[in-house]
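Please keep the sequence and the model in view while reading.

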Amino acid sequence: SRDHVPHLLNYLHEVDFVFHFSCHSFLHDFVFPAPPFVVDLLKTLYRHDIQSLTLTALTTVEKTKTQPQDDVRLHVTDADFERMKKELTENGTVSVEFLRLVWSHFGVERQHYELLLTLLFKFDLAYPKCKNADTHRQM
């Protein structure tokens, strides 16, 4: 019955089958299936060989749901990409544009960017650059 759904979600979260955060004000309505997918998203950002990552590797996507006019990959040059990687490796700063580029590689739809950014904050894997920064402005 519907009454068992919260308990089932809690169990599936506990056994790492899904991510579900029932106590989080923004994330409580979402269930993230297949945590390995989320881990793969994160591994693209947090990797020892980030400098070897190429724009070509990210723009080779087997399946994407993004619309061409919204596709950030169409608007990023190799020089832009190198600058974004340098900001990450030298300053620890990741632009929203870089996140969108990486996530588009996985076929993540634009409306889910804010959700993934919130997940980064939830796991303390990212912080806004400024305390009053509008972290969702470009999503």
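How much space lies in the largest cavity? About 60 Å³ lies there, where a cavity is a set of points on a 1 Å grid over the protein atoms alone at which a 1.4 Å probe fits but cannot get out, and a volume is the space filled by probe spheres set on points joined across faces, edges and corners. This is a predicted model, in which local features need pLDDT of at least 70 and side-chain atom pairs count only at pLDDT 80 or more, while totals for chains, interfaces and linings use all residues. Residues are numbered from 1 along each chain as its sequence is written, and side-chain values use heavy atoms, with hydrogens and water left out.

**The cavity**

- The structure holds one cavity of 30 Å³ or more.
- Val 38, Leu 41, Leu 42, Trp 103, Leu 116, Leu 119, Leu 120, Phe 123 and Leu 125 line the largest cavity, lining residues being those with an atom within 4 Å of a point.
- At least two lining residues come from each of helix H2 (35–45) and helix H6 (113–122), helices being DSSP runs (H or I, at least four residues) numbered from the N terminus.
- The lining has nine nonpolar, no polar and no charged residues, with Ala, Val, Leu, Ile, Met, Phe, Trp, Tyr, Cys and Pro counted as nonpolar, Asp, Glu, Lys and Arg as charged, and the others, Gly among them, as polar.

**H4 and H5**

- Helix H4 (residues 78–91) packs on helix H5 (residues 96–105) at about 110 degrees with the axes 10 Å apart, the axes being lines fitted to C-alpha atoms over the stretch in contact and the angles running from 0 to 180 degrees between N-to-C directions.
- H4 is therefore roughly perpendicular to H5, a term that covers 65 to 115 degrees.
- Phe 81, Arg 83, Met 84, Lys 85 and Leu 88 of H4 make the contact with Glu 97, Phe 98 and Leu 101 of H5, where contact means heavy atoms within 4.5 Å.
- By class, this contact has five nonpolar, no polar and three charged residues.

**H5 and H6**

- The axes of H5 and H6 cross at roughly 110 degrees and come within 11 Å, and the two helices are therefore roughly perpendicular to each other.
- Leu 99, Arg 100, Trp 103 and Ser 104 of H5 meet Tyr 113, Leu 116, Leu 117 and Leu 120 of H6, a contact with six nonpolar, one polar and one charged residues.

How values were computed: 1 Å grid on protein atoms, 1.4 Å probe; cavity = no way out; pocket = protein on both sides within 12 Å on 5 of 7 lines; lining within 4 Å. Parallel < 35°, antiparallel > 145°, perpendicular 65-115°, else oblique.
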